[in-house]
Amino acid sequence: MVTSIKKLILIILLPVGFGFYPINSQAQLYVGPVLETQVTTAAFFNQSDKDGYRCNPGPGYRLGFTASKRVKNHFIFDVGLQYAHKQLNIKSVADPLLKIKNNFNYIEIPILYTLEFREHLGKKKAGISKDYEVFAGAGPVISYWLNSNGTIASSSLKEILISQLAYKAKFNYNEQDPASATDQNGMYVSDANRFQFALQLVGGVSFEPLGLQKIVVTGKVEIGQTRFTKQNAGYLPADFVEQIPLKSRPISFGINVAYLFNTKYEDSRKGKSTEKKRK
């Protein structure tokens, strides 16, 4: 666990070090909170899972902070540190009673390179800009899988008079020793990919209505490149018949809004002395 935390800290520091320090120190740096709503589905790896299961989009969200800096002309570099919650809703083709709601919680580092162009709508009125920027870009998302929980209902559970089973993921599991899976409320996962990677494609608009603040609205598609597990499904001691299909990659669609502040305070003072004299 300590080793995983050290790796996560190193991954956080690398984009900041390479992205912000050596490039155009005079460029504006914006920082601020971001909130995203998203839906997630999964692409199964095994053909048997593709034939046997259907994954419906599940709701989720992401919240945290992001930093944005212009690196050259129209190119923008963004990096964030955020908490994400994703949900998969899985149904069985063969068993109409089988329903799995699987929740995933992550710490994520989205990194973006975008190309931005300014659109002019007219001159400022009362210090409020009518201009806005449109942008498109791509970049990786580095995620650390914190934990999981969920519920499962199935015909096999109904036969033993259990309408629905709630579970929590257990990562320290050796499948060579099934007797170690003693928690009846556990979903035991071997060979879990705790560090996961995805590619995101984005597009959106940004504008600065008050000069200092910057509002950014982004639509995105996030395509997972890492499966939840390397080989196996999640094992449920309480149900020897069903397993949780985890040999799959998440695919998310989302819209987020960021409220960013210019860290160069002197930029916010521009025009204020003139405005006072005019009054």
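This is a working chat about a predicted model of one protein chain.

Me: What are the ground rules for this model, and what is left out of side-chain values?
Reply: The model is predicted: local features need pLDDT of at least 70, side-chain atom pairs count only at pLDDT 80 or more, and totals for chains, interfaces and linings use all residues. Residues are numbered from 1 along each chain as its sequence is written, and side-chain values use heavy atoms, with hydrogens and water left out.

Me: What is the mean pLDDT of the chain?
Reply: The mean is 82, and 77% of the residues reach 70 or more. pLDDT is the predictor's confidence in each residue, from 0 to 100.

Me: Where does pLDDT stay under 50 with zero contacts beyond four places in sequence?
Reply: Residues 271-279. A contact means heavy atoms within 4.5 Å. Residues 12-25 also stay under 50, but for them the model has 23 contacts beyond four places in sequence.

Me: OK, the fold. How many helices and strands?
Reply: Five helices and twelve strands. Both are DSSP runs, numbered from the N terminus: helices are H or I with at least four residues, strands are E with at least two.

Me: What share of the chain is buried?
Reply: Buried residues make up 46% of the 279. Buried means under 20% relative accessible area, exposed over 50%, partly exposed in between (1.4 Å probe, protein chains only).

Me: And what share of contacts comes from residues 24 or more positions apart?
Reply: 69%, counting contacts with a separation of 6 or more.

Me: Switching to strands. How do β2 and β3 pair?
Reply: Antiparallel, over 16 bridges. Two strands pair if DSSP finds at least two bridges between them. C55 has I90 in β3 as its bridge partner.

Me: What do they form, and what sits in the turn?
Reply: They form a hairpin with two residues between them. N73 sits in the turn, with a positive phi of about 50 degrees. N73 is not a glycine. Its relative accessible area is 57%, so N73 counts as exposed.

Me: Which other residue has a positive phi, near 65 degrees?
Reply: L161, again not a glycine. L161 is in the loop between α3 (155-159) and β6. It is exposed, at 79%.

Me: Why call β3 largely enclosed?
Reply: Because 14 of its 18 residues are buried.

Me: What does β12 pair with?
Reply: β1, for one: 13 bridges join it to β12 (residues 248-262), antiparallel. A43 has R249 in β12 as its bridge partner. Strand β9 (residues 213-224) is joined to β12 by eleven bridges, also antiparallel. There V217 stands opposite V257.

Me: Now the core. How many residues has the largest nonpolar one?
Reply: It has 26, and I152, M187 and I244 have the most contacts inside it. A nonpolar core is a set of buried Ala, Val, Leu, Ile, Met, Phe, Trp, Tyr and Cys residues joined through side-chain atoms within 4.5 Å. The elements giving it two or more residues are β1 (29-44), β2 (53-72), β3 (75-92), β4 (99-119), β5 (132-153) and β6 (165-170). Another core lies apart from it, with eight residues, among them V34, V202, V216 and L260.

Me: What does M187 touch?
Reply: Beyond four places in sequence, its contacts include Y167, A169, Y235, L236, I244 and L246.

Me: Last topic, rings. How many aromatic pairs?
Reply: Nine. Rings of Phe, Tyr and Trp (its six-membered ring) pair if their centres lie within 6.5 Å; planes under 30 degrees apart count as stacked, over 60 as edge-to-face, the rest as tilted.

Me: Why is W145 with F228 edge-to-face?
Reply: Because their planes are at 65 degrees, with centres 5.8 Å apart. W145 is in strand β5 and F228 in the loop between β9 and β10 (234-235), 83 residues apart. Both are buried.

Me: Which rings cluster with them?
Reply: F104 and F171 are linked with W145 and F228 through ring pairs.
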